[in-house]
Amino acid sequence: MGRYDVVVPVSGSSEDVMRALDPGVSGSELLPLAVHRDAAVRAAVAGRSDCPMGALVSLGHDVNLDVLGALLANPRTPSSVVRRLADHRDPRISGLAVQRLRNSFR
């Protein structure tokens, strides 16, 4: 798990992924996409630099590793969320979070 790219699923939600990536969709319009049933849509929202702070905090509780990885790659993710993810049970997520915390002190 290094870099996180959004993979558009073959199932029916590619339209929602495209909507989540659309720079014209912003603010409160992103909130329903942040709780979408498709993890690819949630990951797209988590990676956006204009993602609402409440959505970033909420996405920090997601179970999907791609969503959490996109969240950790987002520089706007609050440090409180990053610190909590440093204790994640999956070493890939905890490792990314610890690395981000280390980089923030350089």
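Predicted model: local features only at pLDDT ≥ 70, side-chain atom pairs only at ≥ 80, totals over all residues.

Trainee: What percentage of the protein chain counts as buried?

Mentor: Of its 106 residues, 44% count as buried. Buried means under 20% relative accessible area, exposed over 50%, and partly exposed in between (1.4 Å probe, protein chains only).

Trainee: What about contacts between residues at least 6 apart in sequence?

Mentor: Among those contacts in the protein chain, 45% join residues at least 24 apart. Contact means heavy atoms within 4.5 Å.

Trainee: Let us turn to helix 3. Why is it described as largely enclosed?

Mentor: Helix 3 spans residues 39-46, and eight of its eight residues are buried, so the rest of the structure largely encloses it. The buried residues include Arg-42 as well as Val-41 and Val-45.

Trainee: What covers the buried residues of helix 3?

Mentor: The cover includes helix 1 (14-21), helix 2 (31-34), helix 4 (53-59) and helix 5 (65-73).

Trainee: Which residue caps the N-terminal end of helix 3?

Mentor: Asp-38 does, with a side-chain oxygen 2.8 Å from the backbone nitrogen of Ala-40.

Trainee: How do helix 1 and helix 3 pack?

Mentor: Their axes are 8 Å apart and the angle is about 5°. That makes helix 1 roughly parallel to helix 3. Axes are lines fitted to C-alpha atoms, for helices over the stretch in contact, and angles run from 0 to 180 degrees between N-to-C directions. Angles under 35 degrees count as roughly parallel, over 145 as roughly antiparallel, 65 to 115 as roughly perpendicular and the rest as oblique.

Trainee: Which residues meet there?

Mentor: Asp-16, Val-17, Ala-20 and Leu-21 of helix 1 meet Ala-40, Val-41, Ala-44 and Val-45 of helix 3. By class, that contact has seven nonpolar, no polar and one charged residues. Here Ala, Val, Leu, Ile, Met, Phe, Trp, Tyr, Cys and Pro count as nonpolar, Asp, Glu, Lys and Arg as charged, and the others, Gly among them, as polar.

Trainee: And how do helix 3 and helix 5 pack?

Mentor: Helix 3 and helix 5 pack at an angle of about 5°, and their axes are 8 Å apart. The contact involves Ala-39, Arg-42, Ala-43 and Ala-46 of helix 3 with Asp-66, Val-67, Ala-70 and Leu-71 of helix 5. Its classes are six nonpolar, no polar and two charged residues.

Trainee: What about helix 5 and helix 7?

Mentor: Their axes come within 10 Å and cross at roughly 5°, and the two helices are therefore roughly parallel to each other. By class, the contact of helix 5 with helix 7 has seven nonpolar, one polar and two charged residues.

Trainee: Changing topic, where is His-88?

Mentor: His-88 is in the loop between helix 6 (79-85) and helix 7, and is buried at a relative accessible area of 18%. Its side chain reaches the backbone nitrogen of Asp-90 at 2.9 Å. Leaving aside neighbours within four places in sequence, His-88 contacts Leu-65, Leu-68, Ile-93 and Ser-94.

Trainee: Is Ser-94 buried or exposed?

Mentor: Ser-94 counts as buried, at 15% relative accessibility, and its place is in helix 7 (residues 91-104).

Trainee: And Val-35, buried or exposed?

Mentor: Val-35 is exposed, with a relative accessible area of 61%, and is found in the loop between helix 2 and helix 3.

Note on methods
Residues numbered from 1 in each chain as written. Heavy atoms only, no water. Helix = DSSP H or I, 4+ residues; strand = E, 2+ residues; numbered from the N terminus. Polar contact = N/O pair within 3.5 Å; in protein donor to acceptor, adjacent residues only side chain to side chain.
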